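Subject: Structure handover

Hello,

Here is the structure you will be taking over. Please open it first, then read the notes below.

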Amino acid sequence: MAAIFQKFTMRSSVFLLLLAAFTGGLAQGEEPVVEELQVEVLVEPETCSTLSRMGDTLQIHYTGKLMDGKVIDSSLSRDPLVVELGKRTVIAGLEQSLVGVCEGQKIKATIPSHLAYGKKGYPPTIPGDAALEFEVEVISLTQQTPWQKMVNDVFPLICLALVPTLLGLVGLYLYNKASAQKNSKKKPKDKKSKKK
């Protein structure tokens with residue numbers, strides 16, 4: 001009986017060892033799954049008096065890669081990209097990683113697919129559900145002026161308030177015009193009845 005038990009445990013140990021080696025080999029070949037935005041500072045400037053925030057304008061150089069290292073886009077051979085934070089001119093993950101940076105700072109942002117191009121991707125360059133890695137250097141940082149802040153924050157609210165007001169005024173005008181036409185049609189009938 002002991003011999004049978006020893007053979008069984010030996011076979012199951014070999015099977016478990018092979019299974020662990022096989023699944024470990026598969027896991028090594030897979031790309032790491034990125035669930036949330038990760039930002040790593042690569043170069044910190046000596047002085048950092050101003051941090052970027054929503055509404056500020058940045059000029060950046062970037063290199064975007066897939067997680068396997070394949071470069072998908074780079075601005076290094078072009079003029080720096082101008083990004084106004086909050087205007088959604090770049091993917092959400094990149095914009096979020098640029099909040100709180102300094103001029104001269106260099107960061108590496110690892111962006112999950114839901115903050116990049118999502119399930120559809122951007123064929124043929126970026127497959128669906130692909131996490132991306134961006135190395136970004138902040139060339140310049142221009143803070144939002146009070147006038148820009150008013151235009152960006154207050155002006156849309158004023159427009160939202162004006163739309164219902166204007167629609168109400170148009171409705172009132174049309175109502176008054178329709179009422180005036182009804183009154184003018186009734187008056188001639190009254191004159192005819194008086195003549196008889």
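**Salt bridges**

D73 counts as partly exposed, at 30% relative accessibility. D73 forms a salt bridge with R78, and their closest N and O atoms are 3.4 Å apart. A salt bridge here is a side-chain nitrogen of Lys or Arg within 4 Å of a carboxyl oxygen of Asp or Glu. R78 is partly exposed too, at 44%.

Before going on, note that this is a predicted model: local features need pLDDT of at least 70, side-chain atom pairs count only at pLDDT 80 or more, and totals for chains, interfaces and linings use all residues. Residues are numbered from 1 along each chain as its sequence is written, and side-chain values use heavy atoms, with hydrogens and water left out.

How many salt bridges does a search of the whole structure find? It finds two. Side chains of opposite charge can pair when their charged atoms come close. Besides the pair of D73 and R78, E40 forms a salt bridge with K108. Here the closest N and O atoms are 3.8 Å apart. E40 lies in strand β1 and K108 in strand β5, so this pair ties together parts that are 68 residues apart in sequence. Helices (H or I, at least four residues) and strands (E, at least two) are DSSP runs, numbered from the N terminus. E40 is partly exposed at 39% relative accessibility. K108 is partly exposed as well, with a relative accessible area of 22%.

**The disulfide**

The structure holds one disulfide, meaning a pair of cysteine sulfur atoms within 2.5 Å. C48 and C102 form it, with their sulfur atoms 1.4 Å apart. The link is left-handed, with -60 degrees about the S-S bond. C48 lies in the loop between β1 (38-43) and β2 (57-66), and C102 in the loop between α2 (92-97) and β5 (106-111), so the pair ties together parts that are 54 residues apart in sequence. Are the two cysteines buried or exposed? C48 is partly exposed, at 34% relative accessibility. C102 is buried, at 2%. Another cysteine, C159, is partly exposed at 31%.

**The loop between β5 and β6**

S113 is in the loop between β5 and β6 (132-142). S113 is buried, at 15% relative accessibility. Which residues does S113 touch, leaving aside its neighbours within four places in sequence? It is in contact with G118, D129, A130 and A131. Contact means heavy atoms within 4.5 Å.

D129 is found in this loop as well. Its phi is near 55 degrees, a positive value in a residue other than glycine. D129 is partly exposed, at 48% relative accessibility.

P124 is also found in the loop between β5 and β6. The peptide bond from P123 to P124 is cis, with omega near 0 degrees.

R88 has a positive phi as well, near 60 degrees, and is not a glycine. R88 lies elsewhere, in the loop between β4 (81-84) and α2. It is exposed, with a relative accessible area of 74%.

**A nonpolar patch**

W147, M150, V151, V154, F155, I158, L162, L166, L169, L172 and Y175 form a nonpolar patch on the surface. Together they have about 1100 Å² of accessible area. Areas come from the Shrake-Rupley method with a 1.4 Å probe, and for residues only the protein chains shown count as cover. Patches are made of residues with over 30% relative accessible area and no salt bridge; like charges are joined within 9 Å, and nonpolar side chains (Val, Leu, Ile, Met, Phe, Trp, Tyr) within 5 Å. V151 is partly exposed, with a relative accessible area of 35%.

**Confidence**

The mean pLDDT of the chain is 82. 78% of its residues reach 70 or more. pLDDT is the predictor's confidence in each residue, from 0 to 100.

Best wishes

Terms used
Buried means under 20% relative accessible area, exposed over 50%, partly exposed in between (1.4 Å probe, protein chains only).
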